[in-house]
Amino acid sequence: MENRRERILIADDEKEIRDILRLLLTQEGYQVAEAENGKEALDKADEGIQLYILDVNMPVMSGFAAAMEIRKHSDAPVMFLTAYSGEADMTIGFSSGADDYLVKPFSNVELLLRVRALLRRAGRMREAGESRREEEKQAGTEQESQETGASQAAGNILYYKDLQLDLDSQSVRRNGEWILLTRTEFQLLELFFSHPKKIFSLENIYQSLWQEEAVGDGAIMAHIKNLRKKLNDSARDPKYIKTAWGKGYYAD
């Protein structure tokens, strides 16, 4: 068993599920904290948690509500567990800040694959963020003029139609108004807008964003639906992200 540093918080009101999750994760070398409901999960949330696995339907506070509160203070990935596989439930989950969604009963192998994938993605993003901050620090030390600073800032803005994507802060603005997106939603927009007219299949998206094999298609579909909703985009005649039926998604 590999000794891992990652600490995972699992929250489920069913003791049997918590016991299964704890056994699976500790056997893989992860450190595990447990909670019986969303409120307890929120109380135990801290910067030492690298991943949250939350059941959706819990007493006192639901997984959705807990995730929304956790998202205010943490960028750690969140995975929901639920007995419902409907698209509407998935959409609500991703709107709450989830990074993944697993339907009960789940395969132990699939759960571990998704856990590893989420932690890898989070780790790469932390490394990229640290590298970018170091580069910015060095650039600021070497070139302090306002003119240079303005040029650098302009170089980190991606424009697409009436949207502005700030690649440093990972934020989106349209007509002076900010549009709040999750980390994954921003990554998808950046991918599509950086390669207009290129059709990205599910496999292309997973490889481009996370350098890994695709695990199910529901997550990406739900993220796209959320993006269209937040951008006030029509599903039938979208302005930003279009669907190439049977092939994938693209920006025109």
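Reply: The model is predicted, local features need pLDDT of at least 70, side-chain atom pairs count only at pLDDT 80 or more, and totals for chains, interfaces and linings use all residues. Residues are numbered from 1 along each chain as its sequence is written, and side-chain values use heavy atoms, with hydrogens and water left out.

Me: How do you know how many helices and strands the chain has?
Reply: Helices (H or I, at least four residues) and strands (E, at least two) are DSSP runs, numbered from the N terminus. By that rule the chain has nine helices and 11 strands.

Me: Why are β3 and β4 called a pair?
Reply: Two strands pair if DSSP finds at least two bridges between them. Strand β3 (residues 51-55) and strand β4 (residues 78-82) have four bridges, in the parallel sense, so they meet the definition. In one of these places, Leu54 has Phe80 of β4 as its bridge partner.

Me: What makes β2 and β5 the edge strands?
Reply: The open sheet has five strands in the order β2-β1-β3-β4-β5, paired in parallel. β2 (31-35) and β5 (100-103) each pair on one side only.

Me: How do you know that helix α1 touches the sheet, and what angle does α1 make with β2?
Reply: Contact means heavy atoms within 4.5 Å. Helix α1 (residues 15-27) touches β1 (7-11), β2, β3 and β4. Angles run from 0 to 180 degrees between N-to-C directions, with axes as lines fitted to C-alpha atoms, for helices over the stretch in contact. For α1 and β2 the angle is about 170 degrees.

Me: What does Leu181 touch, and where is its place?
Reply: Leu181 is in the loop between β9 (177-179) and α7 (183-194). Not counting residues up to four places away in sequence, Leu181 touches Val172, Phe186, Leu189, Leu227 and Lys230. The C-alpha atoms of Leu181 and Leu231 are 9.7 Å apart, although 50 residues separate them along the chain.

Me: How much of the chain counts as buried?
Reply: Buried means under 20% relative accessible area (1.4 Å probe, protein chains only). Of the 252 residues, 43% count as buried.

Me: What makes up the lining of the second largest pocket?
Reply: Ala, Val, Leu, Ile, Met, Phe, Trp, Tyr, Cys and Pro count as nonpolar, Asp, Glu, Lys and Arg as charged, and the others, Gly among them, as polar. By that division the lining has nine nonpolar, four polar and 10 charged residues. Helix α9 (218-230) gives the most to this lining, with six residues.

How values were computed. Buried means under 20% relative accessible area, exposed over 50%, partly exposed in between (1.4 Å probe, protein chains only).
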